[in-house]
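Me: I'd like a close look at one helix in this model and at what surrounds it. Please go slowly, and give me the cut-offs as you use them.

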Amino acid sequence: MIGVAADMTVEADVERAVTIIDKELGGRLDGALNNAGGGRHLGPTATLSREAWDAELAANLTSKFLALKHEVGRMPGGGAILNVSSIAGAVGFAGAAAYSAAMQGVLGLTRAAAMEYASQAIRVNAMILGGVDTPLFRTTMGATDESAAFIRSLHPIGRLATADEIANTIVFLLSDASSFITGAAITVDGGMTAR
């Protein structure tokens, strides 16, 4: 495993990180997962500052654009890129306008890039996530028994995803087993958006 510290909203950092990783992997990326971001600026739309709006889009959309921009050139002969979005990219959420806009933007970015790079055998897909049981979830949205139960109740399957379930989907979408899938937004949300 290779770890490179980078601010994914700063293009020079992203370019440096992708270059280092590419070099460590022998000069060729086969797959890339773009997962930077997180909802930090919440509240009614009219109360969001311009700075909060810009920060949310930078963290959740621009970060994925910059990564994708520098990854595609490192995939001679093809590869796979997976951009992580959220159910907020598929449906609106009151109090999360900037986050929802960014997550919906990830889907548009994914589809456009998929069309641009399909002839170069580079597949670009998105994964729309519902709730995932992680340490971060347990200290933020699921910090109380009541909030955790409420979020679980939004998923018809009756629980959150495990990290392994998400990892299995990622492995599939970055592998040759999904070689005919590009431009897709694969929903992994326990039935949340099927309502």
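Reply: Here is the helix, then the pocket beside it, then another helix and some charged pairs.

Bear in mind that this is a predicted model, where local features need pLDDT of at least 70 and side-chain atom pairs count only at pLDDT 80 or more, while totals for chains, interfaces and linings use all residues. Residues are numbered from 1 along each chain as its sequence is written, and side-chain values use heavy atoms, with hydrogens and water left out.

Let's take H6, residues 163-174. Helices are DSSP runs of H or I with at least four residues, strands are E runs with at least two, and both are numbered from the N terminus.

Which residues of H6 are buried? They are Ile166, Thr169, Ile170 and Leu173. Down the axis of H6, these buried residues fall within an arc of 100°, so they line one face of the helix. (The arc is taken over the directions from the helix axis to the C-beta atoms; buried is under 20% relative accessible area, exposed over 50%, partly exposed in between, with a 1.4 Å probe and protein chains only.) Asp164, Asn168 and Val171 are exposed on the face turned away from the buried side of H6. Contact here means heavy atoms within 4.5 Å.

H6 also supplies the largest share of the lining of the largest pocket, four residues. H2, E2, H3 (97-117), E3, H4 (135-139) and H5 (145-153) each give at least two residues to that lining too. The volume of this pocket is about 1200 Å³. Among its 40 lining residues, Gly39, Ser86, Tyr99, Gly130 and Met141 are the closest to its centre. (A pocket is an open set of points on a 1 Å grid over the protein atoms alone where a 1.4 Å probe fits, with protein on both sides within 12 Å along at least five of seven lines; lining residues have an atom within 4 Å of a point. Points are joined across faces, edges and corners, and the volume is the space filled by probe spheres set on them.)

Now for H1. It has 14 residues and reaches 20 Å from its first C-alpha to its last, close to the 20 Å expected. Val14, Ala17, Val18 and Asp22 are its buried residues. They cover an arc of only 130° around the axis, which puts them on the same side of H1. H2 is included in what covers them, whereas Ala12, Lys23 and Glu24 are exposed on the other side. After H1 comes Gly26, with a positive phi near 90°.

Asp22 brings us to charges. Arg74 forms a salt bridge with Asp22, the closest N and O atoms being 3.0 Å apart. Arg74 sits in the loop between H2 (50-72) and E2, and Asp22 in H1, so the pair ties together parts 52 residues apart in sequence. Asp22 is buried at 6% relative accessible area, and Arg74 is partly exposed at 25%. A salt bridge needs a side-chain nitrogen of Lys or Arg within 4 Å of a carboxyl oxygen of Asp or Glu, and the whole structure has six. Another one joins Arg50 and Asp54 at 2.9 Å, N to O; both lie in H2, four residues apart, about one turn of the helix.

How values were computed
The expected span of a helix is 1.5 Å times one less than its number of residues.
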